[in-house]
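I opened my notebook beside the viewer today. Here is what I looked up, in the order I went.

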Amino acid sequence: MKKALLAGVAFAIGLGLVAAHAADKVTIQLKWVADGQFAGYYVAKDKGFYKDAGLDVTVAPGGPDIAPEQVIANGRADVIVDWMPAALAAREKGVPLVNIAQPFKRSGLELTCRNESGIKSPADFKGKTLGVWFYGNEYPFLAWMAKLGLKTDGSPDGIKVIKQGFNVDPLLQKQADCISTMTYNEYWQVIEAGVKPEDLTVFNYTDQGVATLEDGLYVLEGKLKDPKFVETMAKFVKASMKGWDYTRAHPDEAVKIVLDNDASGAQTEQHQIHMVADVNKLTEGSDGTLDTAAADNTVKTLLSSGGDSPVITKPPVGAWTSAVTDAAKKL
């Protein structure tokens, strides 16, 4: 009887030790499919940075039918990658998203036009057809057009907007004069399709003064009241930024890791080489800390959109916090 009791105590202690050392589970929902845009997270998992931090991280790829804001609102992710315009729009509509870190310091959004369209400057947009992504990605574009004073309803004094799929077909098939591209992805799809760089005119949103923050990390506001959650997110952010640092130092290895995580098998090595190289330019110099001046500029740009499709109607309150990155710096 005594032996059985001791064995039971030992078993219970053993369970306690296991529990004490159990890794904290974290699910991150990406904004898009597995590719170089999210290399840092895949690298952090592959190289064991999350495991070393005591985390068991699931990296969930996105896709055209997946809205990160809905995923986290439904409790199927702890943290999401999102653009600030989409996150702020969701917050105003009742999904209380809070930016806890900003791995991307610069915007990669641009509008790419064929030279044969005759477009040499934004002043030439009037009367043209421009391709735009929707599902929350249209907000920076709408803000830019509002700044230019161009209606987006196809009226004579405005522009015609076509709903762009997540490809570059409208430009290649000459259905649009310009399309939305990212420096690290669709631009290279155009080039890889055989269009020469000298045949294109590219407008970067940063150069036009309407850049908004992209690819930040967002959680639900209520969860930040739990100190344990803040601690877990601090570990996650620190390990993720280690992943991004490694990606910049070892781009070729990062490409291989991304390709290994592409379950679809659709990604090509050459395209991922371009993607990782250009994404590395956007994360350069970031330790995850949000530049609040850039966040304020994002809000200012969005508020300027006005018109019939305002992105947000008032400045947000409590839409970002440094609590997580401050804690990460102490680890």
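**Contacts and overall build**

I began with contacts in the chain between residues at least 6 apart in sequence: 79% of these join residues at least 24 apart. I noted for myself that this is a predicted model.

Next I went through the secondary structure. I found 13 helices and ten strands in the chain.

Then I turned to dimensions. Along the principal axes, the C-alpha atoms fill a box of roughly 90 × 45 × 30 Å. I also looked up the radius of gyration, which is 22 Å; this agrees with a compact globule, because one of 331 residues would have a value near 20 Å.

**Surface and charge**

How much of the chain is buried? I got 50% of the 331 residues.

The chain has 35 positive and 41 negative ones, and their mean positions lie 6 Å apart.

**A closer look at D207**

Where does D207 lie? I located D207 in the loop that runs between β9 (200-204) and β10 (216-220).

Is D207 buried or exposed? D207 has a relative accessible area of 65%, and exposed means over 50%, so I wrote D207 down as exposed.

Last, I checked D207 against I28. The two are 179 residues apart in sequence, and their C-alpha atoms are 31 Å apart in space.

Definitions and conventions
Residues are numbered from 1 along each chain as its sequence is written. This is a predicted model: local features need pLDDT of at least 70, side-chain atom pairs count only at pLDDT 80 or more; totals for chains, interfaces and linings use all residues. Side-chain values use heavy atoms; hydrogens and water are left out. Helices (H or I, at least four residues) and strands (E, at least two) are DSSP runs, numbered from the N terminus. The radius of gyration is taken over C-alpha atoms; the globule rule is 2.2 Å times the number of residues to the power 0.38. Buried means under 20% relative accessible area, exposed over 50%, partly exposed in between (1.4 Å probe, protein chains only). Contact means heavy atoms within 4.5 Å. Lys and Arg count as positive and Asp and Glu as negative; His and the chain ends are not counted. The place of a charge is taken as NZ of Lys, CZ of Arg, CG of Asp or CD of Glu.
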